[in-house]
Amino acid sequence: MALPVRDQFKYWGIAAAVFFLLLYALGDQLLPFFLGAAIAYFLDPVADWLEARGCSRGLATGIITVTAIIIFVVLALLVVPTLVEQAIQLFNAAPQLARDLGAFLTERFPSLLDEGSTIRQTLNSLGQTISDRGGQLLNSALTSAASLINVVVLFIIVPVVAVYLLLDWDRMIARVNGLLPLDHAPVIRRLASEIDGTLAGFIRGMGTVCLILGTYYAIALMLIGLQFGLVVGFVAGLLTFIPYVGALVGGALAIGLALFQFWGEWHWIVAVAIVFGIGQVVEGNILTPKLVGESVGLHPVWLILALSVFGALFGFVGMLVAVPMAAALGVFVRFLIEKYQDSRLYRGIEADETEARD
């Protein structure tokens, strides 16, 4: 005999409360495991693709692991040091950039920025603050013993967790599938399939889009000769998962830096703008439709709200689970709306009487 609906809500509510309490209390300790699970989920289609071509699950996992190690070593040797160096230089150059901006505005709009104006003082203060706090924060994060230990732990635990989960992913899914309550298994499987479709379209699709665009922006800006082009490309690619935000933030930052570096050489400034214009055209017409699709179901506002709420409540690990939770909540809301539209509350008595006559 199935449990009453009230008891089911009670048990599922207790399970959700325990999950969020553990997330709140053990967020930092759970971070490597969430990262490892995210990596395994991201790479599972690759392993399935290799299996479909004759590889065993173990061999497919081994191929993916070796490839990932090679990519990581190349990035660690060639890209990461340059990225960190440019980020520190950008922080240190902030005061000079603020002074240059003040001088430019003073030259063009002398009445707006006199010597004691609020805008001039704000620009100088902002540049100095970014230099002091930003560089100090970055240096502290890179040099403090605790940070280095945490980074080492992440680099050790996350790959190990990801490899084990990737190896056992299909068996875990089958095991969970076998533990579903029999009365509700079909509905749960349907909802889980919709959630997986949403996550697959967004995380895997947008992750690939972010990687492609970030690499394109970084290489193109560095070929143009823009200072801090690698940092700008990294920021633009990282924020691409929120539609238009990556291009707007990265484009504004790149054009702003280009105005200071290439002032008077307008063709280089136009070239920087063209780089981001091409990126937006390619993203909107090729990358996003092909890799993400149009049925993801995660509205940008809903995504930003989820990131803000979960980030504020649970920190960085909360931001990691924000996208899956947003996808799950979106599927549940659509499911509840569907049930509501099939109910007498929505259809009314007349609809039931019409169906009875028919």
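# Salt bridges, burial and packing in a predicted model

User: What makes the contact between the side chains of Arg 57 and Asp 48 a salt bridge?

Analyst: The side chains of Arg 57 and Asp 48 meet at 2.9 Å, N to O. A salt bridge needs a side-chain nitrogen of Lys or Arg within 4 Å of a carboxyl oxygen of Asp or Glu, so the pair qualifies. This is a predicted model, where local features need pLDDT of at least 70 and side-chain atom pairs count only at pLDDT 80 or more, while totals for chains, interfaces and linings use all residues. Residues are numbered from 1 along each chain as its sequence is written, and side-chain values use heavy atoms, with hydrogens and water left out.

User: Which other residue forms a salt bridge with Arg 57?

Analyst: Glu 51 does, and its closest N and O atoms with Arg 57 are 2.9 Å apart. Asp 44, Asp 48, Glu 51, Arg 57 and Asp 170 are linked in a network of salt bridges. The whole structure holds seven salt bridges.

User: Why is Arg 57 called buried, and what are Asp 48 and Glu 51?

Analyst: Arg 57 has 10% relative accessibility. Buried means under 20% relative accessible area, exposed over 50%, and partly exposed in between (1.4 Å probe, protein chains only). Arg 57 therefore counts as buried. Asp 48, at 30%, is partly exposed. Glu 51, at 28%, is also partly exposed.

User: How do you know which parts the pair Glu 338 and Arg 190 ties together?

Analyst: Their side chains meet in a salt bridge at 2.6 Å, N to O. Glu 338 lies in helix H10 and Arg 190 in helix H6, so the pair ties together parts 148 residues apart in sequence. Helices here are DSSP runs (H or I, at least four residues), as are strands (E, at least two), numbered from the N terminus. The protein has eleven helices and zero strands.

User: Is Leu 166 buried or exposed, and what does Leu 166 touch?

Analyst: Leu 166 is buried, because its relative accessibility is 3%. Leu 166 lies in helix H5. Contact means heavy atoms within 4.5 Å. Leaving aside neighbours within four places in sequence, the contacts of Leu 166 include Ala 40, Leu 43, Asp 44 and Arg 57. Leu 166 and Arg 57 are 109 residues apart in sequence, yet 8.8 Å apart in space, C-alpha to C-alpha.

User: What makes the set of 53 residues a nonpolar core?

Analyst: A nonpolar core is a set of buried Ala, Val, Leu, Ile, Met, Phe, Trp, Tyr and Cys residues joined through side-chain atoms within 4.5 Å. The largest such core has 53 residues, and those with the most contacts inside it include Tyr 217, Ala 254 and Phe 276. H10 gives the largest share of this core, 14 residues. Leaving aside neighbours within four places in sequence, Ala 254 is in contact with Leu 221, Leu 226, Val 232, Val 272 and Phe 276.
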